[in-house]
Amino acid sequence: NAQPAPARAAETRTLAVPGLAAPARILVDPWGVPHLYAASADDLYFVQGFNAARDRLFQIDLWRRRGLGRLASVFGAHFAESDHAARLFLYRGDMAREWASYGLGAQRIATRFVAGINAYIDLIGREPALLPFEFGHFGYAPEKWQPEDVVRIRSHGLTRNLVSEFSRAFVACRSNVAADQVRVRLSPRWETKIPEGLDPCIPPEVMRLYTLATQGVRVSGRGEVRRSAADDGLKLALDDSRPSLEGSNAWVVAPSRSATGRPILASDPHRTHSAPSLRYIVHLDAPGLSVIGGGEPSLPGVSIGHNGHIAFGLTVFSLDQEDLYVYQLHPERDNAYRYRGGWETMKVVSETIAVRGRESQRAELAFTRHGPVLHVDRARRLAYALRTAWSEPGMAPYFGSIDYMHARSFAEFRRAMGRWGAPGENQLYADVQGHIGWVVGGHAPKRPNWDGLLPVPGDGRYEWAGAWSGEQLPFALDPAAGWLASANEQNLPEGYPVAERKPGFEWAPATRYQRVAEVLKSLPKVSLEDSMRLQNDVLSIPARRLQAVLRGVTLRDAQAQAAARLLLDWNAQLTADS
C-alpha cells in the first residue's frame with residue numbers, strides 16, 4: 001500500500017491573486033494531491049486553472065502549442081510541418097454551437113479555468129523565480145490562454161480508425177479484403193467489401209499529416225542544461241515512437257456481491273507512462289460540488305472519480321469516428337474535385353507559421369466538404385481528405401466530464417453522457433443508493449450504405465446521415481449478475497442492431513475482460529482488497545491457452561521439448577522477472 005511522505009512542518013503561503021471574488025484555499029495532502037476549496041464554482045475553476053499551472057505549466061503550455069500548431073515559433077523549423085498538420089484538425093466551426101454542446105455553463109467554466117492559468121503566468125511575471133526551468137532552458141516564455149484553446153484542440157484524443165482503414169486498404173491492394181482478418185478480426189462477425197469505385201491502393205503519403213497532427217512531443221537527451229534549445233542538453237522531438245495503447249480496465253460490483261455492503265467501483269485507465277503523467281488527480285470543492293478524481297491537467301473538472309453521490313470510471317469504447325474520402329480531381333485544377341456530377345472547389349485557409357530564428361512560413365490549409373485534405377496525388381489526379389467526428393461541435397476530448405461530474409443519479413448521468421463526444425467511452429457507474437450501471441457515450445456517425453472499414457469515394461455516394469443519439473447507444477442498470485466490467489473488448493449486448501448502426505468492428509482482445517470476469521465470478525463477495533489485487537493481476541489467459549495447446553502436442557525435437565517445458569512449468573504470470 002502507498003504510504004504518505006514523511007511528516008514535516010506544513011508550509012503555508014498567502015497570495016494576493018487578482019480574479020478571485022473571495023478567499024480560496026489550496027491544500028496539498030501528504031500524497032501530493034491538491035484539494036481546492038472556493039466560495040463559488042466560478043472561483044473554484046479559476047483556482048483549478050491556477051493550480052494546474054502551478055504544478056504543470058510547461059506540460060500544459062507544450063500541449064497547447066502542439067494542438068494549436070505553434071511549436072515552431074519557439075522550437076524552430078523542425079516543427080513547422082507538424083504545426084501545419086495540427087492546424088488542419090483544429091475545430092473551425094461555430095463557437096456558439098460548440099459551447100452549447102457541453103451543457104449549461106461550459107463557456108463560463110473554460111473562461112474561469114484559463115483565467116486561473118493566466119493569473120499564475122502573471123504571478124511569474126512578478127516573481128520570475130517561479131518560472132519552471134524548462135522555459136529558461138529552451139529560452140521562451142509561457143503564453144496566455146484563450147477559453148477557446150481548451151476546446152478547439154482535438155488532435156490529442158484517442159483516434160478511431162483511420163490508421164486501420166489505411167492498413168486494410170493496403171492489404172486489399174496487395175491481396176484481398178478477407179486476408180486482413182489476420183491483422184484484425186472483425187467483431188461481431190462481419191464481412192466487409194471494397195466500396196464501388198474505390199482503388200484500395202492508397203499511397204502512404206496520405207498518412208503523413210495525420211501522423212504529425214496526432215503524435216505528441218517528447219523531451220529527450222542528456223547533458224548540461226543550457227539556455228538555448230540549440231545547445232547540448234535537453235532536446236524536444238516529435239514523439240514518433242507511437243507505443244501501442246494497452247487498453248483499460250474497469251468494473252463495478254453491486255452491494256449484493258460486495259463485502260462492504262456498498263457498491264465498489266474500480267477504474268484503471270491504461271495510458272502511456274510519462275513524466276509528468278497525462279493524468280492529474282485533484283479534489284474540487286465549492287457550494288453544490290465536491291468531486292475528486294483524475295482528469296487531465298489542461299482541462300477543468302475530472303473525468304474519473306466520485307462526487308459523494310455517484311462514482312464513475314471509464315474505458316475506451318471503439319466507436320468508428322473517422323472516414324477517409326478519395327476524390328477525383330479536375331483535369332486542370334488541383335483544388336477542384338468531382339461531387340455528385342459536378343465540380344466543387346476546396347476551401348483554402350492561408351495561415352502564417354512563425355518559425356524561431358527564421359522567416360515565417362505560409363501554410364495553405366485545404367478542406368473539402370468532408371474535412372481536411374491530407375494529400376493530393378497530381379499524377380493520378382486524386383485527393384484524399386478525412387471526415388472525422390473531431391470536426392463536429394462538442395467533440396473536445398474529455399471536456400464533457402464537466403457535465404456528468406455533477407450528476408446525482410443514473411438518469412442524470414446517462415442524460416449527460418448522451419452529450420459526450422470523444423473519445424468513445426464505456427462509463428461504469430455506482431451510487432450511494434446501491435445502483436450500478438454502464439453507459440456508452442460518443443459521437444456515433446450513421447453510415448447508411450457502408451460500414452466505415454475502408455476508404456470511400458468522395459463523390460457523394462457515401463455520406464454520414466447524422467449521428468445515433470445517446471439513447472441509441474448501449475447501457476445497463478443493476479444487472480442480475482451483480483457486477484459489470486469493461487476492458488475495451490467487444491461488449492455490444494446480444495440483440496443490439498449492429499447491421500443497422502455499425503458502431504465499430506475493431507476492438508481490443510477480450511482476454512483482459514475474461515480475466516476480470518473469471519476473478520469476479522469466483523468470489524462470493526468482492527472486497528476492496530480483492531479489487532486492489534485484481535488491478536495488479538498479471539495472469540495471462542493467452543499463456544494458459546498456449547499451455548493447453550502444448551499439452552496436446554507430441555514434440556520429437558529435443559530443443560522444442562525443452563522450450564515447451566519452459567512454458568509448461570511457467571505459472572502464466574507476467575511478472576517483471578518472469
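Reader: Which residues form a disulfide here, and how far apart are their sulfur atoms?

Author: A disulfide is a pair of cysteine sulfur atoms within 2.5 Å. In this structure C173 and C201 form one, with 2.0 Å between their sulfur atoms. The structure holds one disulfide. This is a predicted model, in which local features need pLDDT of at least 70 and side-chain atom pairs count only at pLDDT 80 or more, while totals for chains, interfaces and linings use all residues. Residues are numbered from 1 along each chain as its sequence is written, and side-chain values use heavy atoms, with hydrogens and water left out.

Reader: Why is the disulfide of C173 and C201 called right-handed?

Author: The torsion about the S-S bond is about 95°, so the disulfide is right-handed.

Reader: Which parts of the chain does the pair tie together?

Author: Helices (H or I, at least four residues) and strands (E, at least two) are DSSP runs, numbered from the N terminus. C173 lies in helix α8 (residues 162–174), while C201 is in the loop between α8 and α9 (208–214), so the pair ties together parts 28 residues apart in sequence.

Reader: At what angle do helix α1 and helix α5 cross?

Author: Axes are lines fitted to C-alpha atoms, for helices over the stretch in contact, and angles run from 0 to 180 degrees between N-to-C directions. Helix α1 (residues 41–68) and helix α5 (residues 106–126) cross at roughly 50°, and their axes come within 7 Å. Angles under 35 degrees count as roughly parallel, over 145 as roughly antiparallel, 65 to 115 as roughly perpendicular and the rest as oblique. That makes α1 oblique to α5.

Reader: Is the crossing of α1 and α5 left-handed or right-handed?

Author: A crossing is left-handed if the near helix is turned anticlockwise from the far one by less than a right angle, and right-handed if clockwise. The crossing of α1 and α5 is right-handed.

Reader: Which residues of α1 and α5 meet?

Author: Contact means heavy atoms within 4.5 Å. On the α1 side the residues include Y45, F46, F50 and L57, and on the α5 side they include I109, F113, I117 and Y120. By class, the contact of α1 with α5 has 16 nonpolar, three polar and five charged residues. Ala, Val, Leu, Ile, Met, Phe, Trp, Tyr, Cys and Pro count as nonpolar, Asp, Glu, Lys and Arg as charged, and the others, Gly among them, as polar.

Reader: How do helix α15 and helix α16 pack?

Author: Helix α15 (residues 541–551) and helix α16 (residues 558–568) pack at about 135°, with their axes 10 Å apart. That makes α15 oblique to α16. The crossing of α15 and α16 is left-handed. In α15, L546, Q547, L550 and R551 meet A564, L567 and L568 of α16. The residues of this contact divide into five nonpolar, one polar and one charged.

Reader: Where do cis peptide bonds occur?

Author: One joins A275 and P276, with omega about 0°. P276 is in the loop between β6 (264–268) and β7 (280–286). The peptide bond from A422 to P423 is also cis, with omega near -10°. P423 sits in the loop between α11 (410–417) and β18 (425–431).

Reader: What is the phi of R381, and what is that of Y398?

Author: R381 is not a glycine, yet it has a positive phi of about 55°. Its place is the loop between β16 (373–377) and β17 (382–388). For Y398, also a residue other than glycine, phi is near 70°. Y398 lies in the loop between β17 and α10 (401–404) and is buried, with a relative accessible area of 4%.

Reader: What is R279 in contact with?

Author: R279 is in the loop between β6 and β7 and is buried at 15% relative accessibility. Leaving aside neighbours within four places in sequence, its contacts include R56, E296, L314 and Y398.

Reader: Where is N491, and what does it touch?

Author: N491 is in the loop between β24 (483–486) and α12 (498–501) and is buried, with a relative accessible area of 15%. Not counting residues up to four places away in sequence, N491 touches F317, N426, W438, S486 and W507. The C-alpha atoms of N491 and S187 are separated by 9.6 Å, although the two residues are 304 residues apart along the chain.

Methods: Buried means under 20% relative accessible area, exposed over 50%, partly exposed in between (1.4 Å probe, protein chains only).
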